[in-house]
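Colleague: I have a structure open and would like to learn how to read it. Can we go through it feature by feature?

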Amino acid sequence: MYSVKNLYFSYQDQKILKNINFFIERGKLTTIIGPNGSGKTTLLNLITGQLDVCSGEICFQNKLLKSYSIKALSQKTAIVSQNVEVHFPFTCMEVVMMGRNPFKSRMKNLNKKDLDVVLKCMEMTETLGFANKSITNLSGGERQRVMIAKALAQTPEVLFLDEAFSNMDIQYTIKLLNLLKDKVQKEKLTVISIMHDLNLTDLFSDQILALKNGKMVEYGKTQEVIRPSLIKELFGVNVRKNEEKGLVILPTI
Amino acid sequence: MENNLAMTLKRKYYKEKWIGFGFAVLLMITFFSSINLGRANIGTNDVIRVILGKIADQHEMYAVIKESYAAIIWNIRIPRVLVAIIVGSGLAVSGAVFQSLLMNPLADSYTMGVSSGAAFGATIAMFVNMFIDGFHLSITLCAFIGAFLTLGVVVSIAKVKGYLSSSNLIIAGIIVTSILSAGIKFLKSLAGENVSVIVNWLMGSLASRSWEHVFISFPIIMICIIVCIYFSEDLNLLCLGEKEAKALGVDTQHTKRIFLICGSLITAVCVSVSGIISFIGLIVPHMLRFAIGSDNRVLIPLSALLGGELLLLADTATRSFMNVEIPVGVLTTLLGGPFFIYIFMTRNKSIQ
């Protein structure tokens, strides 16, 4: 699905990403981990086409990412960004309806089919309850659920999540991660995500891409990559692996 | 639940259409009654006769009416009423556009510095006309040039590596505005006892606007409003930020440029024909957002209708009901400000 070769990116003489190479196949949930400022969001912005590549190449479905138009890309990929602030009282339903924009012709209202997609996505994310409420009056976690509903309404082949659960409580985080995991397995959705919670990352990801100082430290299957030694290397924190499943963070002072 | 929501949506579309229709009818009624009103007492029949006769080019139809009355209707009142409508529409639409574009509910055409540029251009023209004999600069033209030069300066300050960010635009706009206001004050201080000409113009007035002003403003503002309506759904997406809009298929740099140019063009024309009339651009989109929501596809056309209506009402009030004609720009702020505070407070209370 995505192949990245010799990717470099610098901003104002500062090298942010150095020689990144990887290939992501369809139907996998990949999580990018790494300390603050390691280049995670930059990498995500590059593969979503939000930023232009300095050197190296990114291919999406065997074609150069650059060769896609903004519209064509928006019909295949969706992004849930970090902390979107809305300053105008759009209703939540209006926001989710914007997710259908890539498929709709100008000056027309959404047709019945599009509206059904919107309502289904709102049902899945349990946001129907505040459909007619203004997005400006929601809590951070509720707003993130609406933004995920909007991204799902784009019926994407690839879904990018940039800390999409940062304000959500644990109940909804797990509900939505299960929902996405389900879509990955059944509908071959590809998810590329940035997450800070290592326990959840370990539980839900198929693959891990670890970044440190703009370099890719490791990339591979979750069970193989998530080792206490790697976490120590990335974050300088001691953790131990649970006997049965998952990781337990054990901070040491 | 789902069916309910689909129904609510349908009802909303329906309601929006009716509000639009209502506003249009209201504007028509206000248009005719404004022509009827004024110091000279002219009957409704005569007004209709003059309008029909002029349009059909039949002089006999209004030959019975005193010539001075026909002139008052056709050469004074109608152009003034039309300028009021178009300027009000333009100010309201450019306000709505700049608010969404800059993602700032407090923005309007003044935030971008465009109107100060227009005012500065006009001040220079008046200054030159005062002090250099045998030289006559058109105030309208100079205001126009001033607005566009300012837009160019603001955009080039705000541009970083070819990209325009909203916060940079606001900062650049505020800086340029303060420099230009200082420039205007400087010219005022040099003008000495003739300063009142400049002061009066800056206060914003629609007095003695002629057909020439209608012909300058009407086509440009109309075209810009239509362009804004055509691209209004992209503006909705831009309200969520540039990144979101791009992810939803909007060519953001291109779309931003279109709205920036349209919004500034409208402002330049408005300021050049009427001086500084503030508050319409801020208050009209806000009132409508309280009533019908933020969807720019509805907000922009309704802003045009309501903005035209409000400025026309204000202007008719200043010229008909008061003993001294006060500048309409002063009235819009005096009445609009407290009203805005009122709806703002009731809305905030109803939320809690």
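**Reading the two chains**

Colleague: Where does the UniProt annotation "transmembrane region" fall in chain B?

Modeller: This is a predicted model, so keep that in mind throughout. The unreviewed UniProt entry gives the annotation "transmembrane region" to residues 18-37, 81-103, 135-157, 169-187, 213-232, 258-284 and 326-345 of chain B. Residues 81-103 of chain B are 91% helix and 0% strand, with end C-alpha atoms 33 Å apart. Residues 326-345 of chain B are 90% helix and 0% strand, and there the end C-alpha atoms lie 29 Å apart.

Colleague: How many helices and strands does chain B have?

Modeller: Chain B has 14 helices and 2 strands. Its radius of gyration is 21 Å, close to the 20 Å that the globule rule gives for 352 residues, so chain B is as compact as a globular protein of that length. Along the principal axes, its C-alpha atoms fill a box of roughly 65 × 55 × 40 Å. Of the 352 residues, 46% count as buried. Take the chain B contacts between residues at least 6 apart in sequence: 76% of them join residues at least 24 apart.

Colleague: Now chain A. In what order do the strands of the open sheet come?

Modeller: The order is S2-S1-S4-S5 in chain A, four strands with antiparallel pairing. The edges are strand S2 (14-24) and strand S5 (63-64) of chain A, each pairing on one side only. Helix H1 (residues 40-47) of chain A packs on this sheet and touches strand S1 (2-11), S2 and S4 of chain A. The direction of H1 makes about 120° with that of S1(A). One pair to look up: A:Cys59 has A:Leu64 in S5(A) as its bridge partner.

Colleague: Is strand S7 of chain A enclosed or exposed?

Modeller: Count the buried residues. In strand S7 (residues 158-162) of chain A, 5 of the 5 are buried, so the strand is largely enclosed by the rest of the structure. A:Val158, A:Phe160 and A:Asp162 point one way, A:Leu159 and A:Leu161 the other, and all are buried. Now look at its partners. S6(A) pairs with S7(A) in the parallel sense over 4 bridges, with A:Ala78 opposite A:Leu159. S7(A) also runs parallel to strand S8 (residues 190-194) of chain A, joined by 5 bridges. There A:Val158 stands opposite A:Thr190.

Colleague: How many residues does each chain give to the contact?

Modeller: Chain A gives 28 residues and chain B gives 28 residues. On the chain A side, the elements giving two or more residues are helix H2 (70-76), strand S6 (77-80), helix H3 (92-98) and helix H4 (112-124). By class, that side has 15 nonpolar, 10 polar and 3 charged residues.

Colleague: Where is A:Met107, and is A:Met107 buried or exposed?

Modeller: A:Met107 sits in the loop between H3 and H4 of chain A. It is exposed, with 11 other C-beta atoms within 10 Å. B:Phe279 lies in the loop between helix H11 (252-274) and helix H12 (280-292) of chain B. B:Phe279 counts as buried, with 23 C-beta neighbours inside 10 Å.

Methods
Residues are numbered from 1 along each chain as its sequence is written. Chains are lettered from A and ligands numbered from 1 in the order in which they are written. This is a predicted model: local features need pLDDT of at least 70, side-chain atom pairs count only at pLDDT 80 or more; totals for chains, interfaces and linings use all residues. The radius of gyration is taken over C-alpha atoms; the globule rule is 2.2 Å times the number of residues to the power 0.38. A residue is buried if 20 or more other C-beta atoms lie within 10 Å of its own, exposed if 12 or fewer, and partly exposed in between; C-beta atoms are placed from the backbone. Two residues are in contact if their C-beta atoms, placed from the backbone, lie within 7 Å. UniProt positions are given in the numbering used here, feature names are shortened, and annotations may be inferred rather than shown by experiment. Two strands pair if DSSP finds at least two bridges between them. Axes are lines fitted to C-alpha atoms, for helices over the stretch in contact, and angles run from 0 to 180 degrees between N-to-C directions. Ala, Val, Leu, Ile, Met, Phe, Trp, Tyr, Cys and Pro count as nonpolar, Asp, Glu, Lys and Arg as charged, and the others, Gly among them, as polar.
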